[in-house]
Amino acid sequence: MLLCKKIRLVVSPAEADALEFMQGKCRGLYNWWVLRLRHGERWLGFYQAKKTLQDSKAYDPDLREVYGKLLAEVYFRLDAAMQAFFRRVKAGESPGFPRVRPRHRFFTLCYPAMYIKVVGKSVLLPTGGKSERRKRFPTIRAHLMEMPPTGYKEVAISRDARGHYFASFVYEAPVATREQRETGNLVAFDLGIKTLAVGINEHGRVYHIGGFKGHQWYNKQLDKIRSKRDRCQKRSHRYRYLSQVYQRVSEQKRNKRHDCLHKASHLIAHRLVESTVVIGDLSQRQMVTKEHEAHHKAKHRAVYNDWGLYTFVQMLTYKCALAGKDLILLDERDTSKTC
């Protein structure tokens, strides 16, 4: 199965400028094609679109400073978006035409494995240009915080909201066979709100996995920041400053919740000895009923809504497949399967 390992990159300001320049040009080329297609031009496929790359370089010489494989990835990405658009139109669904990428959304740079070099904890990312002396940006030599996996196929360079760069290595890992798994053991988990998961195995042992702690403090801080910002003049200096603080606190809350879900799924998939995991989540009506029974409607907010439960199930599905365990999903919202 294909896995992905995300490792943080340490780059210098000059190397960050090079990455910013290349992703800006790739995003601009993508947006230019999206606008042409939106104004009625026919999409002829990846190969026909790629033939226009030399004309684009003649019109914008800065494209020559971008690594060629990154520009080719733009056409691959646009072709995938258009094929998905045609598929939705044919199925009678909402078409969802490809959108223009804004500047604040980082355009991921995808390097094929054979065109980059990893030396220890350093990764060499090539840039555009024919010779090292005439290049506008030299080859980027970034430092990895961890050792990369072996046998990777592709490396995706991305950036988060704080400006930190990451390298995602896609590699293939063997899947455990049926003979390698333990048989005869089963554990069942019920997903809730205040307590993330409560499970019991065949021998009567009960597992309690607590949820995200500290949500009340984060919600209180966000309410204070939002209240202060609403009293400021819109787009003023203090308004923009409070917006940045609000985004930073929100990101901290999301990261902490994501880390909690990651650790809980890792505990179930890799720490427990049972080979079969059965999970079932609560319906929305059951959630509201339990909140009323606990008399916490006015004091607490729901910690895990539908989005949080969906994220946890997706993590657990991925980690159980990696650990060689069978996962059975019982969706209690589907009333057609109930007796």
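**Stop 1: the main core**

Select Met22, Tyr111 and Ile157. Within the largest nonpolar core, which has 48 residues, these three touch the most other members. Now colour helix H1, residues 13-38. H1 supplies the largest share of this core, 11 residues. Keep in mind throughout that the model is predicted. As a background note, nonpolar side chains tend to be buried together in soluble globular proteins.

**Stop 2: Tyr111**

Centre the view on Tyr111. Which residues does Tyr111 touch, not counting those up to four places away in sequence? Show Met22, Tyr67, Leu70, Ile116 and Leu125.

**Stop 3: a second core**

Next, select Ala197, Tyr207, Leu309 and Val313. They are included in a second, separate core of 20 residues.

**Stop 4: Asn31**

Go back to helix H1 and pick Asn31, which is found in that helix. Is Asn31 buried or exposed? Asn31 has a relative accessible area of 12%, so it counts as buried, the cut-off being under 20%.

**Stop 5: the largest pocket**

The largest pocket holds about 1,200 Å³ of space. Select Cys4, Lys6, His258, His262 and Met315. Of the 31 lining residues, these are the closest to the pocket centre.

Now colour the lining by element. Which element gives the most to the lining? Helix H6 does, with 10 residues. H6 spans 237-271. Each of these supplies at least two lining residues:

- strand E1 (2-10)
- strand E6 (152-159)
- strand E7 (165-172)
- helix H6 (237-271)
- helix H8 (306-323)

The lining has 12 nonpolar, eight polar and 11 charged residues.

**Stop 6: the whole chain**

Zoom out and switch to cartoon. The chain has eight helices and 12 strands. Buried residues account for 40% of its 339 residues. Of the contacts between residues at least 6 apart in sequence, 70% join residues at least 24 apart. Finish with the accessible surface. Its area is about 21,000 Å², and 52% of that belongs to carbon and sulfur atoms.

Definitions and conventions
Residues numbered from 1 in each chain as written. Predicted model: local features only at pLDDT ≥ 70, side-chain atom pairs only at ≥ 80, totals over all residues. Heavy atoms only, no water. Core = buried A, V, L, I, M, F, W, Y, C linked by side-chain atoms within 4.5 Å. Buried < 20%, exposed > 50% of the residue type's maximum accessible area, 1.4 Å probe, protein only. Helix = DSSP H or I, 4+ residues; strand = E, 2+ residues; numbered from the N terminus. Contact = heavy atoms within 4.5 Å. 1 Å grid on protein atoms, 1.4 Å probe; cavity = no way out; pocket = protein on both sides within 12 Å on 5 of 7 lines; lining within 4 Å. Points joined across faces, edges and corners; volume = space filled by probe spheres on them. Nonpolar A, V, L, I, M, F, W, Y, C, P; charged D, E, K, R; others polar. Areas by Shrake-Rupley, 256 points an atom, 1.4 Å probe, with all protein chains shown as cover.
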